Amino acid sequence: LAPLLRTYASSAGQLIALSWQPAIAEGKRSHGEVEAMFAAVRARIGLPIEFAYCPHGPGPPRCWCRKPLPGLGVLLMHRHRLDPSQCTYIGDAAQDPGFARKLGFVFRSAGPGAP
């Protein structure tokens, strides 16, 4: 995934990653531990990535921030004044194409065979 992100970073200008962290709600991980994990990812791949995450537990999505609900995408569009038509969403989960479509993003697969 790092080579794909480097390709987009060279032309995109900004990388934002979304994550689901149910271990926070389960008391197995703290917000600080999650932030440290994201810092380690940034250091390992050498790219300035902003991470946004849902800390809510497993089960059907009941919060505004967990995919397939578009809440985190809307928050980030507002925060960064993003034009959705200029955003590319890279994902490999079943709900990712629909998530991107709901937000008006271009979708690119990060799955097998991705550039």
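I take a salt bridge to be a side-chain nitrogen of Lys or Arg within 4 Å of a carboxyl oxygen of Asp or Glu. I am working on a predicted model.

**Entry 1: salt bridges**

I counted three salt bridges by this rule. I went through each pair in turn.

I started with Lys67 and Asp96. Their closest N and O atoms are 2.7 Å apart. That is a salt bridge because the cut-off is 4 Å. I then checked where the two partners sit. Lys67 is in the loop between β2 and α4, and Asp96 is in helix α5, residues 96-103. The two are 29 residues apart, so I noted the pair as a link between distant parts of the chain. Is Asp96 buried or exposed? Asp96 is buried, because its relative accessibility is 2% and the limit for buried is under 20%. Lys67 comes out at 22%, so I logged Lys67 as partly exposed.

Next I looked up Glu50. Which residue does Glu50 form a salt bridge with? The partner is Arg79, with 3.1 Å between the closest N and O atoms. This pair also joins distant parts of the chain: Glu50 belongs to strand β2 (residues 49-54) and Arg79 to helix α4 (residues 71-80), 29 residues apart. I read a relative accessible area of 47% for Arg79, which makes Arg79 partly exposed.

I finished with Glu26 and Lys28. Their side chains form a salt bridge at 3.7 Å, N to O. Glu26 is partly exposed at 39% relative accessibility. Lys28 has a relative accessible area of 64%, so I put Lys28 down as exposed; the cut-off for exposed is over 50%.

**Entry 2: Glu33**

I found Glu33 in helix α3, which covers residues 31-45. Glu33 is partly exposed, with 45% relative accessibility. What lies 2.7 Å from a polar atom of the Glu33 side chain? I found the backbone nitrogen of Ser30 there.

**Entry 3: the largest pocket**

I looked up the largest pocket and noted about 1,200 Å³ of space. It is lined by 41 residues. Closest to the centre are Ile16, Ala17, Leu18, Tyr89 and Ile90.

Which element gives the most to the lining? I found that β1 does, with six residues. At least two lining residues each come from α1 (2-12), β1 (15-20), α3, β2, α4 and β3 (88-91).

I also sorted the lining by residue class. I logged 28 nonpolar, eight polar and five charged residues.

How values were computed:
Residues are numbered from 1 along each chain as its sequence is written. This is a predicted model: local features need pLDDT of at least 70, side-chain atom pairs count only at pLDDT 80 or more; totals for chains, interfaces and linings use all residues. Side-chain values use heavy atoms; hydrogens and water are left out. Buried means under 20% relative accessible area, exposed over 50%, partly exposed in between (1.4 Å probe, protein chains only). Helices (H or I, at least four residues) and strands (E, at least two) are DSSP runs, numbered from the N terminus. A polar contact is a pair of N or O atoms within 3.5 Å; within protein, one must be able to donate a hydrogen and the other to accept it, and residues adjacent in sequence count only if both atoms are side-chain atoms. On a 1 Å grid over the protein atoms alone, a cavity is a set of points where a 1.4 Å probe fits but cannot get out, and a pocket is an open set with protein on both sides within 12 Å along at least five of seven lines; lining residues have an atom within 4 Å of a point. Grid points are joined across faces, edges and corners, and a volume is the space filled by probe spheres set on the points. Ala, Val, Leu, Ile, Met, Phe, Trp, Tyr, Cys and Pro count as nonpolar, Asp, Glu, Lys and Arg as charged, and the others, Gly among them, as polar.
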